[in-house]
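Hi everyone, thanks for coming along. I'd like to walk you through one model this morning, so let me put it up on the screen.

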Amino acid sequence: RLEAGEVGYVATGLKSVRECRVGDTITTADRPAPEPLPGFRPPKPMVFASFYPSEGEDYEVLREALEKLQLNDAALVFQPETSQALGFGFRCGFLGMFHMEIVQERLEREYGLDIVATAPSVEYEVLLRNGQVKTITRPSDLPDPSHIQEIREPWMKVTLITPADYIGPVMDLITSRRGVYQNMTYLDPRRVMIEAEVPLAELIIDFYDQLKSRTRGYASMDYTFVGYRAGDLVKLEILVHGQPVDALALIVHRDQAYHKGHALVEKLKEVIPRQLFDVAVQAAVGGRIIARATIKAMRKDVLAKCYGGDVTRKRKLLEKQKEGKKRLKMIGRVEVPQEAFLAVLKLGREA
C-alpha cells in the first residue's frame with residue numbers, strides 16, 4: 001500500500017504503454033474492484049493538424065519520433081496521410097493549440113526534424129442525406145455538397161475574467177467570432193466574469209492572443225466542450241495555377257468565406273515566388289470563384305540586344321517570347337513554399 005507522501009510503482013506484463021493510460025484504476029485479480037474510480041475520461045483530441053517532413057526521406061524518422069512521443073503523451077494521436085502538395089505525412093490530433101506547439105517544438109528540437117505544419121482545424125460531424133453521420137478532421141475529407149444535409153461544428157463554453165474597463169472590447173471580440181453571450185457577473189468592483197459560447201474553430205487560431213492584446217494582458221480564459229451544433233459552413237478551396245491545394249483548404253462560415261478567401265489570396269500572392277509565366281491564385285466555394293489574384297511573370301528584356309533597325313525585328317522577338325510563355329504556362333508547375341501554409345495560420349482577421 002501507499003500512504004501520503006510515498007511514491008511507488010507497479011510491475012505489469014503490459015507489452016505496450018498504450019494499454020494503460022494515465023487515470024486508469026488498478027485493482028487486484030483475486031479481489032477486483034466492482035467499478036473504476038470516477039472521474040477518468042480518455043483524452044479526446046480537439047485540434048487536428050498535419051505534419052509533413054520538408055525532406056521526403058525524413059518520413060520514417062518522423063514516424064519514429066511521433067511513436068516515441070506517444071509513449072509518454074497518451075493524448076497525442078496520429079495516422080498516416082498523403083497530400084498532393086506536400087507528399088507523405090501524418091494527421092495528428094491534439095488537446096489544444098498549446099499542446100500542438102509543444103509537440104512541434106519537441107519534434108524539431110529533440111529529433112532535428114524540419115516540419116511543415118498545416119493550418120489547425122477541428123473535428124466536424126457531417127450529416128448525409130441518407131441519414132449517416134460522418135466525422136471529418138480535415139477539409140479535403142468533406143463529401144460532395146449535394147450529399148450533405150448539414151455540417152455540425154464543436155462549440156465551447158468560454159469563461160473570461162477581465163477588468164471592468166475592457167468589457168466593451170471583450171464583448172466585441174466574442175461577437176466577431178460568432179460567439180453567443182450568456183451571462184456577466186461582477187466578482188468585485190473592478191473584475192468581471194463573462195460567460196459565452198463560441199465555436200471551437202474560432203478559438204484555436206488567435207482568440208487568446210486577441211483577448212490578451214485587447215485587455216493589455218489582464219484577462220484570463222477557460223473553456224469546456226458543450227456539444228456539436230449545425231452551422232452554415234462551406235469548404236473554402238485554394239487553387240494555384242488551376243490546381244486545388246488540399247493543405248490550404250479551410251472550412252469556414254458562409255458569411256466569412258469571401259473576406260477570408262480574399263485575404264488569403266492576397267497573402268499567398270506575396271509569398272508564392274514569381275514564375276516565368278502568370279500564375280492565378282484563386283479562392284473557390286462550391287466550384288464558384290470568389291476571389292482571385294495574379295502573380296505576374298518574370299520578364300526577360302529580349303529587346304536589349306536590339307540597337308535599332310526595323311521594328312518588325314522587335315515585334316518578331318516579342319511574339320516569339322509570347323509563344324514561349326504560352327507553352328510554358330500549359331506545362332509549368334508551381335511549387336508552393338512553406339510560407340504559404342504559415343500564411344493560413346497568420347491570416348489576419350478584422351477586429
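Let's begin with what helix 1 (residues 59-71) packs against: its buried residues are in contact with strand 1 (47-53), strand 2 (77-83), strand 3 (87-94), helix 2 (97-110) and strand 4 (115-117). Contact here means heavy atoms within 4.5 Å, and buried means under 20% relative accessible area, with exposed over 50% and partly exposed in between (1.4 Å probe, protein chains only). Helices (H or I, at least four residues) and strands (E, at least two) are DSSP runs, numbered from the N terminus.

Two quick notes on the source. This is a predicted model, in which local features need pLDDT of at least 70 and side-chain atom pairs count only at pLDDT 80 or more, while totals for chains, interfaces and linings use all residues. Residues are numbered from 1 along each chain as its sequence is written, and side-chain values use heavy atoms, with hydrogens and water left out.

Back to the helix. Which residues of helix 1 are buried? They are Tyr59, Leu62, Ala65, Leu66, Leu69 and Gln70. These residues sit on the same side of helix 1, because they cover an arc of only 135° around the axis, taking the directions from the helix axis to the C-beta atoms. As a reminder, an α-helix has 3.6 residues a turn, so residues three or four places apart point the same way.

Several of those names come back when we look at the core. A nonpolar core is a set of buried Ala, Val, Leu, Ile, Met, Phe, Trp, Tyr and Cys residues joined through side-chain atoms within 4.5 Å. The largest one has 49 residues, and Phe51 and Leu107 touch the most other members. Setting aside neighbours within four places in sequence, Leu107 is in contact with Phe51, Leu62, Ala65, Leu66, Leu69, Gly112, Leu113 and Ile115. Apart from that core lies another, of 23 residues, including Ala119, Ile238, Leu264 and Phe277.

Now for the charged pairs. How many salt bridges does the structure hold? There are 13, a salt bridge being a side-chain nitrogen of Lys or Arg within 4 Å of a carboxyl oxygen of Asp or Glu.

Take Asp172 and Arg214, whose closest N and O atoms are 3.1 Å apart. Asp172 lies in helix 3 and Arg214 in helix 5, so this pair ties together parts that are 42 residues apart in sequence. Asp172 is partly exposed at 35%, whereas Arg214 is buried at 16%.

Next, Asp232 bridges to Arg254, with 3.0 Å between the closest N and O atoms. Because Asp232 is in the loop between strand 11 and strand 12 (233-240) and Arg254 is in helix 6 (residues 254-271), the pair links parts 22 residues apart in sequence. There is also a network, in which salt bridges that share partners join Glu125, Glu150 and Arg152. Within it, Arg152 and Glu150 meet at 2.8 Å, N to O.

Last, some backbone. Most residues other than glycine have a negative phi. Arg178, in the loop between helix 3 (167-176) and strand 9 (180-188), has a positive phi near 60°. Arg216 has a positive phi too, near 55°, and is found in the loop between helix 5 (207-214) and strand 11 (220-231). Buried or exposed, where do these two arginines fall? Arg178 is buried, at 18% relative accessible area, while Arg216 is exposed, at 68%.
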